[in-house]
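Work through the two exercises below with the model open. Each task is followed by a stepwise solution.

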Amino acid sequence: MNKINEILKTMEYGPAPEDSAVVRDWLKRHEAGFGHFIDGQFTQPSQTFAVTNPANGQTIAKVSQGSDADVEAAVKAARAAQGKWAALPGHARAKHLYALARHVQQHARFLAVLETIDNGKPIRESRDIDIPLVARHFYHHAGWAEILADEFPGAAPHGVCGQVIPWNFPLLMLAWKVAPALAAGNTVVLKPAEYTPLTALALAEIAREAGLPKGVLNIVTGDGATGAAITGHPGVDKVAFTGSTEVGRIIRRQIVGSGKGLTLELGGKSPFIVFADADLDAAVEGVVDSIWFNQGQVCCAGSRILVAEAVSARFTDLLKRRMASLRVGDPLDKSTDIGAIVHPVQLARITDLVEKGRAEGVTIHQGTAPAGCFYPPTLVTEVEPASILASEEIFGPVVTLTPFRTPEDAVALANNTRYGLAASVWSENINLALDVAGKVRAGVVWINSANIFDAGAGFGGYRESGFGREGGREGMAAYLSHPAPRAKKPEEAPVAPDASPAETLPASVIDRTAKLYIGGKQARPDSGYSYSVNGPKGAVGLAPLGNRKDIRNAVEAAHAAKGWGGQTGHNRAQVLYYLAENLAARAVEFEERLKSFGQTATAAKTEVETAIRRIFWYAAQSDKFDGAVHSTKSAHVTLAMNEPVGVIGLVCPTALPLLGLVSLALPAVAMGNRVVVVPSQTHPLAATDLYQVFETSDLPGGVINIVTGEREALAKTLAEHDDVDALWYFGTAAGGRAVETASAGNLKQTWTEDGAARNWLSAEGQGRQFLTRATQVKNIWVPYGE
Amino acid sequence: MTADSAAGGASSPGLSPLANDHRNPGMPLDVAMFEGHAVNRSAAERRAASLGARRSVKKDYQAAWLINAIRCIDLTTLAGDDTADRVRRLCAKARQPLASHIVEGLGIAELRLTTGAVCVYPTMVGHAAKALQGSGIPVASVATGFPAGLMPLNLRLEEIRYAVAEGADEIDIVITREHVLTGNWSALYDEVAAMREACGPAHLKAILATGDLQTLRNVYAASMVSMQAGADFIKTSTGKEGVNATLPVSLVMVRALRDYLDATGHRIGFKPAGGMKSAKDALNWQFLMNEEMGRDWLEPHLFRLGASSMLGDIERQLEHHVTGRYSSASHLALA
């Protein structure tokens, strides 16, 4: 019987290999090794290391280990090119990016095949997903370059961007980083991952072919040391990193005090929530598109299935059947669903984690995989939240399944993670789906879908998944800077608080005690000490000397006030207008207080009046600084919602003790955040006077908490606190560095600035920039159609 | 007429048994099996779109998959200008769907390849049965006031009995769309059950006219009611609706028959019909069946492609496989 008759019996698919001859020829031409791409040309290969095809372990190329000197040369070339590149009209940069997009399309299959050989991902994915998205990203950002001046008035590029990207989507991550950087007028030094450097080098050739000016895009290959040399280079103005949370933390610490812009896109352990009224088959396919996409090596993969108990058994059954039909094998075969794990090191890591889980007693269901650097699709059931498999990012095709009882239960389980990158919610009930999308702490939420990407929407995480967005207007903003004001005379450290009794105090009718303000209540400091607050002629009062326990209490109170973020902008505006009204009624009292610190009558009057106006301005913004509906794919609504960051620590500058506090607290609370304020250490009494105004203005307890005392010590406690989501520090340079260092722990967003730099009385003291800092964008994807 | 003889054309050694093990006896109407069953259209569309991209067959494998598609084709003519000669020509093509030089080139002479069935109007059944005598190819007849079905029930049942008496082995009935659109499930159930009874030994394929039903939830519900009422096959379309067979609709129907199988143990066949013209379509629908249901649903007793011009495209592709040259329809026999 001939072969066709044989096949008719089994109806197997047979081999369907993608032709890789062109790519193999290209690799052969580069047999001597690849150099770096610096200043428009390739350097001679040096200190090369092998790049392998994970599907068969064969060496496919040799690339150079970037040295400090290479990085130096690349940064120098980028610096030299930057001024001219930024000075080009937007239209000229747009044409360059458009050309890149066109050339990527013209070399689409070449890039797809090369990506698959280098990374191990199935050709279907590189061909149908990665490379089309790369082209789409360059097109989209060609558009931003064109309209940049109109859409982002006053914004400037950072300068030289140092970018380090991972191996899971090598060329796509390059596009996500390079396209917005170039559109904004930055130049780039990029290091691709050491496992997967080849498409970046191919893109360098394509950039050369497309006529990108030399020095605008520089590619330096190498390992982590090369990456560290780039991110740490003093000539780099902005650092963008995608990769592990662990390395993100190292970079955060490395660039402390440098003033470099930073965006981090880190790990995830994203929930995949299936409600009882979901289309279960659709959800099963969603799991395939989530965790069995790119071998599960996806930072936003839905790696924790949470399924309603009512449908858990049926869902598990359907999922297991679907898992059995997945084909694991040769990535170049067109019928392959799951390709090779990127490197044996990663395979060992996945295997090790799953074995640890097995030892914990979970139940493991697996498909099949050939020998070699492959791992079968894996479903883990009977897994408790404490299991290593439920908490660690595995970065492999391994998904856990946990039943839940109620929507509340689902949200609690979903948020029971240090990460906050993405979430997938499956329900045919729009009320339920949007409610849960709002409650899940994640930068991207897919309703009845998973892993959908488009250049027009922002992508990025909450919490330890990093900060900053890529894609959309919010992603563009991450590559633009609004130059920070500089202090003529930097702020000096305040004199240490003196907690011994003051020599004299001004007489008052009845003695008044300033207290801390925590959870809507006046509180005595845990320390039991007070310190003298001085005017020009000695002490004018006593302020409580707060300590770390007071900060702890204030943060807890702030978390308890989470309902504030759920209120309407209108409601928040009402409270804030009322606050301004009550402050105005007591303006004279506040002027007197400021005068007691040594301010002139005019200055005191101006500060109070400015504070009242500022409160009005942010009250006005409460219901106006809203999100957008992004234009992405057809039959999708992509909502970009501005959400409060959460609990923000605010460390106020020394000068302008009333206005400084108002300028920081108001944008934060107007957007629904709750704050813990450390007021001017020197003159905290203007702040403690304020809590009486808060109390008369219906401000809910816990929304603004005030802890007076030694600024740097309190700032450090806030910075180290794992339950503080962001920290704004306006003080000394040394204090700023300390805050940035300590904030690396939970990767909270920081905003540090010299306390004396900004003229709080001018327009510098308020604006949309403050509101942007006070919000994070959650992109919610809602496909529709019946 | 036995279940065996109704099951299809080619009967060569080596291929899976062609007969369905036993016919779907149906079950009492159970609305809980479909009411509130969620079907998410955009998800179905995504899955349907990725099916063709996730699977590929090349060279001999492609040839085999195309040959298998021929085994499953209900070669169809349902036109107002059908004549006895037209039907005879169609039957000749069903008996010999590939030119002999292609059969030889493929080395499949011993397969005695035919299409799965020939599908005609009731008045053409006699001509078809005569033309197909001895071939083992079943005759399928549309009935029940095809394509709209808006005739009194007694006449529709009579039409079924007429077609069976003329020699039809399979009856492709149309459901009353109104019953679906108004949610009158018991009326739909009773109607299909009565039709099944009228079919006697002939197998019943229930045409849902999914283009008229519009929503995928309706498609799922109508599929389930038809199966509960005893349909042997569920079929997408008459070919006369504005939208005929699509992959997303097919996906939903296939999942319905899988759910019915899970619940009852009875295996139901699936027949997409209308709008499928290319060899690529033939592959995509087979990928759908194989991925969602497995190997058994690549056999004509559980899968049919209702098509007319598709066969011509398949034949051209297979000629190319044999000769290495791109083919011209004018060199191959018309259906």
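This is a predicted model: local features need pLDDT of at least 70, side-chain atom pairs count only at pLDDT 80 or more; totals for chains, interfaces and linings use all residues.

Residues are numbered from 1 along each chain as its sequence is written, while chains are lettered from A and ligands numbered from 1 in the order in which they are written.

**Exercise 1.** Determine how strand E5 of chain B (residues 203–207) is placed.

Step 1. Strands are DSSP runs of at least two residues (E), numbered from the N terminus. A residue is buried if 20 or more other C-beta atoms lie within 10 Å of its own, with C-beta atoms placed from the backbone. Because 5 of the 5 residues of E5(B) are buried, the strand is largely enclosed by the rest of the structure.

Step 2. In a regular strand the side chains alternate between the two faces of the sheet. Leu204(B) and Ala206(B) point one way from E5(B), and His203(B), Lys205(B) and Ile207(B) the other way.

Step 3. Strands pair if DSSP finds at least two bridges between them. E5(B) runs parallel to E4(B) (residues 170–174), joined by 5 bridges, and parallel to E6(B) (residues 233–235), joined by 3 bridges. Lys205(B) stands opposite Asp172(B) and opposite Phe233(B) in E6(B).

**Exercise 2.** Describe how domain 2 of chain A meets domain 3 of chain A.

Step 1. An automatic or database domain assignment gives the bounds: domain 1 (20–266), domain 2 (270–460) and domain 3 (516–783) of chain A.

Step 2. Contact requires C-beta atoms, placed from the backbone, within 7 Å. By this criterion, 13 residues of domain 2 of chain A are in contact with 14 residues of domain 3 of chain A.

Step 3. On the domain 2 side, strand E17 of chain A (residues 444–447) supplies the largest share, 4 residues.

Definitions and conventions:
A residue is buried if 20 or more other C-beta atoms lie within 10 Å of its own, exposed if 12 or fewer, and partly exposed in between; C-beta atoms are placed from the backbone. Two residues are in contact if their C-beta atoms, placed from the backbone, lie within 7 Å.
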